[in-house]
Amino acid sequence: MPLDPTFIGRSYPPTSSYEVSREKIAEFADAIGDASPLYRDVEAAKAAGYPDVVAPPTFLTIINLAAINAIVADPELGLDYSRMVHGDQRFTHHRPIHAGDRLLLTTRIDDIFTRAGNDFLNVRADVSTVEGEQVCTTNAQLVVRGE
């Protein structure tokens, strides 16, 4: 059953905030094998002009995945998770993310279309601080294999 195109434009507001911590940044940097001192050493980050340690560019995957999963789990959309793969992911950073940021994600379905019998779902997440400063826009494409 194809995805419901009336979902194009549907927005999912944040359900909670995410506090970026030094520990989470270091754990993520370890997981991706990046030894940059900017991710672990406060003094190195400050010397580089940042207020605290900064997060690697793909760090937002941690909270972006939860937002995407909320859309995927929406029973009205009709997405069969067992047939889905993550086709693309992009990050447009408006400023670096650093320890101490409290972030909110608002996700939106930008497009739904079918190509070669497969459904494609384009999802955007606008990431801002709780104070309203835009820090990043993420774009993901999910592919649901046809039957």
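Guide: Accessible areas here come from the Shrake-Rupley method with a 1.4 Å probe, and for residues only the protein chains shown count as cover. By that method, the protein has an accessible surface of about 7800 Å², with 52% of it belonging to carbon and sulfur atoms. This is a predicted model, in which local features need pLDDT of at least 70 and side-chain atom pairs pLDDT 80 or more, while totals for chains, interfaces and linings use all residues. Residues are numbered from 1 along each chain as its sequence is written, and side-chain values use heavy atoms, with hydrogens and water left out.

Visitor: What percentage of the contacts join residues at least 24 apart?

Guide: Counting contacts between residues at least 6 apart in sequence, 68% join residues at least 24 apart. A contact here means heavy atoms within 4.5 Å.

Visitor: Why is Phe 59 called buried?

Guide: Buried means under 20% relative accessible area, exposed over 50%, and partly exposed in between (1.4 Å probe, protein chains only). Phe 59 has a relative accessible area of 1%, so Phe 59 is buried. Across the protein, buried residues make up 40% of the 147 residues.

Visitor: And what makes the pair of Tyr 18 and Phe 59 tilted?

Guide: Rings of Phe, Tyr and Trp (its six-membered ring) pair if their centres lie within 6.5 Å; planes under 30 degrees apart are stacked, over 60 edge-to-face, and the rest tilted. Tyr 18 and Phe 59 sit 6.4 Å apart centre to centre with 55° between the planes, which gives a tilted aromatic pair. Tyr 18 is in strand E2 (residues 18–19) and Phe 59 in the loop between helix H2 (42–47) and helix H3 (61–72), so the pair ties together parts that are 41 residues apart in sequence. Both residues, Tyr 18 and Phe 59, are buried.

Visitor: Why is the pair of Phe 28 and Phe 59 edge-to-face?

Guide: The ring centres of Phe 28 and Phe 59 are 5.6 Å apart and the planes are at 80°, so the pair counts as edge-to-face. Ring pairs join Tyr 18, Phe 28 and Phe 59 into a cluster, and the whole structure holds 3 aromatic pairs.

Visitor: Is Phe 28 buried or exposed?

Guide: Phe 28 has a relative accessible area of 14%, so it is buried. Beyond four places in sequence, Phe 28 touches Pro 56, Thr 58, Phe 59 and Ile 62.

Visitor: How do you know that Arg 10 sits over the ring of Phe 7?

Guide: A charge sits over a ring if NZ of Lys or CZ of Arg is within 6 Å of the ring centre and within 35 degrees of the ring normal. The charged end of Arg 10 is 3.8 Å from the centre of the Phe 7 ring and sits over it. Arg 115 likewise sits over the ring of Phe 120, with its charged end 5.5 Å from the centre.

Visitor: Is Ala 116 buried or exposed?

Guide: The relative accessible area of Ala 116 is 77%, so Ala 116 is exposed. Ala 116 lies in the loop between strand E4 (102–115) and strand E5 (118–129). Although not a glycine, Ala 116 has a positive phi of about 50°.

Visitor: Why does Ser 128 count as buried?

Guide: Ser 128 has 15% relative accessibility, so it counts as buried. Ser 128 is placed in strand E5. Its contacts, leaving aside neighbours within four places in sequence, are Arg 102, Leu 103, Leu 104, Glu 133, Gln 134 and Val 135.

Visitor: Which residues does Asp 52 touch?

Guide: Not counting residues up to four places away in sequence, Asp 52 touches Arg 22, Val 42, Ala 45, His 98 and Ala 99. Asp 52 lies in the loop between H2 and H3, and its relative accessibility is 11%, so Asp 52 counts as buried too.

Note on methods:
Helices (H or I, at least four residues) and strands (E, at least two) are DSSP runs, numbered from the N terminus.
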